Amino acid sequence: MKIGYFPGCSLHGTAPEYEASLKLVAKAADIELVEIEDWNCCGATAAHSMNRMLSIALPARNLAIAEKMGLEEVVVPCAACYSRLLFALNEFKLDEKVRMNLQPIIETEFKGNIKILNVLDFLEKYVMDALKNKVDDKFKKKAACYYGCLLVRPPKLTNSERWDDPLRMEAILKKIGIDSIDWSFKTECCGAGLSIARTDIVGKLSGKIIEDAKDRGADMIVTACPMCQSNLDMRRGAINNYLKKDNNIPAIFITQLIGLAFGYSEKDMQFDKLFVPISFSNNNFSNNNDNLKMQKSKVKEVKV
Amino acid sequence: MQNNMTEIAENPSKDTYYSNDLQKWGAEIKNKDISLKELVFNETGEKVSLCYQCGKCTAGCPLSDEMDIAPNTILRLLQIGSKEYDRKVLSSYTIWVCLSCETCMARCPKEVDLPAITDFLRSESIRRHLANRKANNIINFHKAFLHSIRGSGRLYEFGLVIGYKLRAKNLFQDVLLAPSMITHGKLKFIPAKVKNSSQIKEIFQKTINNNRGGK
């Protein structure tokens, strides 16, 4: 079965492990992901901060191309892209002015007959059934499922039922034998768009998330958004600065875990791309201090 | 005393206390200078008058402690609608530090779309050259980001960071993260490009240069 696929800039840039794991998971579930031809950036926070019509036209061009390719559904793994594409589609359907003005701007015909799936929609709809009997003892770890903002909010756009306390990731992980903790920060913001301009804010917001996950006994944070993952994983410097202590709880993509359950190796799932190391091999769940020290010395070597 | 009151009621300009304000108000109407809240309504369709100041937006906002004006106060200032307060809103740091996490909107009992209002206030604040100086870095980042996609259609992280640093004149922040990003294969040196990049430039031309930023 073929489904449209909009990678977005992150999956081709800072989150290659997310794309690799998603593609292999789709393959294991017998789904072919067809990349939207010549797709462009959705505009993210910058576009909607500066100009509303721009923030509609950029995603709409991608949707129009997908429609032209005959795709009925598009899976958008990045939560930020997902939100922008969904926003553009929604405005196109509801706002007559947008419908009238869009055509000459994107120069492509667009009817608005396309369905947008986020990664959780995709996993629930096409992968869940293939996950029967995939419970594995090596996964006997506690996960903190982190949704962030844009997978669940604004509720009137995403139609999420439990936007303040979603349980969808927990249900998917249960299928492969991972138990999840109950915690308070699953839909708090990680600081996303301010990652470069105000890194200290990212340190504070992501630091609170990591601290709560750790305090409640989680062994790892599971994410479904490349922005959240990169802030929680790569911004450890700013985070540890805020928390005034080192934290080694890893942040991993949900697709990487599901890929392991399908029998792929950690190398296939590109575990080496994660800054904070994690491994399930030989029943030896290691994200301990030795690994952290090793990683630090690795960074030092590169600097020299 | 009573005579005096009815006189004022019939002819407000005789009331020395209010007359100045009324005259100013009249002048504003004459200049067709509409208040910011009306502009917000025209451009986003959001009615700030719906807000009854319960404060849930501020309570849920992850960054209210970083803001100079609390989110509910932004709405209150817009409701009052004086020139002074409109200016205060447009030159606030709040509108720039907002992360658009949408928590305020999700929790608002009156469903006021504060993130949409904030988006419009940002573009209006730039249009009127009132953007808060403290927000320069954030604005520079947005500009560098848009510049990057305007050129190639897709975001080029390395180019974005260089562009931002040149704008922000802050070349040394974050250099320590770059080497480990390279060893983890997360930073590329060749930008990905949309084939039809002239179409992306057209989209920019037809949107950014052609409207006020709202609806």
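**Chain A against chain B**

I began with the two chains and found 49 residues of chain A in contact with 50 residues of chain B; contact here means C-beta atoms, placed from the backbone, within 7 Å. I note that this is a predicted model, where local features need pLDDT of at least 70, side-chain atom pairs count only at pLDDT 80 or more, and totals for chains, interfaces and linings use all residues. Residues are numbered from 1 along each chain as its sequence is written, and chains are lettered from A and ligands numbered from 1 in the order in which they are written.

Next I listed the helices on the side of chain A that touches chain B: helix 1 (8-12), helix 3 (44-50), helix 4 (52-68), helix 6 (96-106), helix 10 (199-215) and helix 14 (289-303) each supply at least two residues. Helices are DSSP runs (H or I, at least four residues) and strands likewise (E, at least two), numbered from the N terminus. Helix 3 of chain A gives the most to that side, with seven residues. By class I got 28 nonpolar, eleven polar and ten charged for the side of chain A that touches chain B. Nonpolar covers Ala, Val, Leu, Ile, Met, Phe, Trp, Tyr, Cys and Pro, charged covers Asp, Glu, Lys and Arg, and the others, Gly among them, are polar.

**Two domains in chain A**

I find 25 residues of domain 1 of chain A in contact with 26 of domain 2 of chain A. On the domain 1 side, helix 2 (16-28) of chain A is among the elements giving two or more residues, and helix 2 gives the most, with nine. That side has 17 nonpolar, seven polar and one charged residues.

**Strand 7 of chain A**

I looked at strand 7 (residues 220-223) of chain A: Met220(A) and Val222(A) point one way, Ile221(A) and Thr223(A) the other, and all are buried (20 or more other C-beta atoms within 10 Å of a residue's own, with C-beta atoms placed from the backbone; 12 or fewer is exposed, in between partly exposed). Thr223(A) is the bridge partner of Tyr146(A), and Phe253(A) is that of Thr223(A).

**Lys56(B)**

Last, I checked Lys56(B), in helix 4 (residues 56-60) of chain B. Lys56(B) counts as partly exposed because it has 17 C-beta neighbours inside 10 Å. Not counting residues up to four places away in sequence, Lys56(B) touches Arg107(B), Cys108(B) and Pro109(B).

Terms used
Pairing = 2+ DSSP bridges.
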